[in-house]
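Subject: Structure handover

Hello,

Here is the structure for your files.

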Amino acid sequence: MVDVHSRSHSPRSALLKELDYLEAIKQAEAGTISPLYLLLGSSFFLKNRLVKALQGKFLVPDGEFRLQDATEGARWQEQDSFCLFASRRLTLIKNLQDLKPSLRKEFFLALPPPCPEEVLLLECEDDSAEEAVQLEGAIVKEPVLDQRQLEGFIRRSFAARGLKANVDVCEWLLLHTDGTLEGLANEIEKISLFVGDDGELSSASATEAVFPYEEGAVFDLVEAVVAQNCRRAIRVLGSLSAKDREATGRILALLFRQFRMAYQLAEWGEIRRTDYYRLAQKIGEHPFAVKKYLELPHRLSRIQALAGLEQLTRIDQQVKRAGMDPQLLLETFIVSIAVRSPIKKNGA
């Protein structure tokens, strides 16, 4: 790793150093930038913080950010240099874990040598990118934090929103979430939206505002379906089912709730000035759920949401009356929704 202002060409070698996201973010903010980051884990929250740190330090004032998907072709690999005829560039290539092993190997072999004006981020949610060990850069993993560090994160996050979290709130969140920074960040945003700017934060308000963690995972499932990413949706469903084979009934109910919300919001047409509280009150949903859905790059149309509700109703009947396998029915549902006509682009 070198200072952002003194980077130079260097040959590819076995220099892939291991960092956690907090270390990588701290180094980036201090100006120590790696030419390449291999991003492991599924934490969007931490990845987003690292990207913002790199944008703020490496791209300012005239750099370019580029986002690409490893599964959607690799025309960029035909270039001799990422930054030929370009200023500083930050390139994030997503979903390496979705490539077949042979294609992933070809991907790493085709990477050009490090460029002093380019930072490359490769997203691979699993640990199956052994070929990357011969690259120069950093492998970034999710941090393992103790209770003191997690409580500090909770307090700082609430303080940034003008709220003070006491010991009871911290303990309740740590007991009722998955204990990751991303999970906590989502729940903190939910509570803050529920309480409002001038509300008094207590464990009772946290209990009332936070949905079970399973609902957050189902939202991820719906997000993947809306994005027509069938592979990711099936993977999320599989992870939910693996934790609890009895969870499919709850998943079905939560999916119905999400599609009902999508249908209700579609009735409003294009929403250009988002008022989460007003919309949530009118449709009887939590403002966080409304906010997260409206922020998606794409949304279900009214017709698509209604078709999903009808199909989920049939699935419920097939499970209860005919004893059919709910896991298989849900997988069929995901495929049928995710491969339909293009999802409506978010015009908000």
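At roughly what angle do the axes of helix 10 and helix 14 cross? The axes of helix 10 (residues 248-266) and helix 14 (residues 326-338) cross at roughly 30° and come within 10 Å. Helix 10 is therefore roughly parallel to helix 14.

Before the rest, some conventions. This is a predicted model, in which local features need pLDDT of at least 70 and side-chain atom pairs count only at pLDDT 80 or more, while totals for chains, interfaces and linings use all residues. Residues are numbered from 1 along each chain as its sequence is written, and side-chain values use heavy atoms, with hydrogens and water left out. Helices (H or I, at least four residues) and strands (E, at least two) are DSSP runs, numbered from the N terminus. Axes are lines fitted to C-alpha atoms, for helices over the stretch in contact, and angles run from 0 to 180 degrees between N-to-C directions. Angles under 35 degrees count as roughly parallel, over 145 as roughly antiparallel, 65 to 115 as roughly perpendicular and the rest as oblique.

Confidence

The mean pLDDT (the predictor's confidence in each residue, from 0 to 100) of the chain is 78, and 78% of its residues reach 70 or more.

On the helix 10 side, the contact with helix 14 is made by Thr248, Ile251, Leu252, Leu255 and Phe259. Helix 14 contributes Pro326, Gln327, Leu330, Phe333 and Ile337. These residues divide into eight nonpolar, two polar and no charged (Ala, Val, Leu, Ile, Met, Phe, Trp, Tyr, Cys and Pro count as nonpolar, Asp, Glu, Lys and Arg as charged, and the others, Gly among them, as polar).

For helix 2 (residues 44-59) and helix 6 (residues 181-195), the axes come within 7 Å and cross at roughly 95°. That angle makes helix 2 roughly perpendicular to helix 6. Phe44, Phe45 and Leu46 of helix 2 meet Leu181, Glu182 and Ala185 of helix 6. By class, the contact has five nonpolar residues, no polar and one charged.

Helix 12 (residues 287-294) is mostly covered, with seven of its eight residues buried (under 20% relative accessible area; exposed is over 50%, partly exposed in between, with a 1.4 Å probe and protein chains only). Lys291 is one of the buried residues of helix 12, and Phe288 and Tyr293 are also among them.

Ile139 is in strand 8 (residues 136-141) and counts as buried because its relative accessibility is 15%. Beyond its neighbours within four places in sequence, Ile139 contacts Leu16, Lys17, Glu18, Leu19, Leu38 and Leu40.

Asn95 is not a glycine but has a positive phi of about 65°. Asn95 sits in the loop between strand 6 (89-94) and helix 3 (101-109) and, at 11% relative accessibility, is buried. Gln228 also has a positive phi, near 60°, and lies in the loop between helix 8 (213-226) and helix 9 (230-243). Gln228 is partly exposed, with a relative accessible area of 31%.

Regards

Technical notes
Contact means heavy atoms within 4.5 Å.
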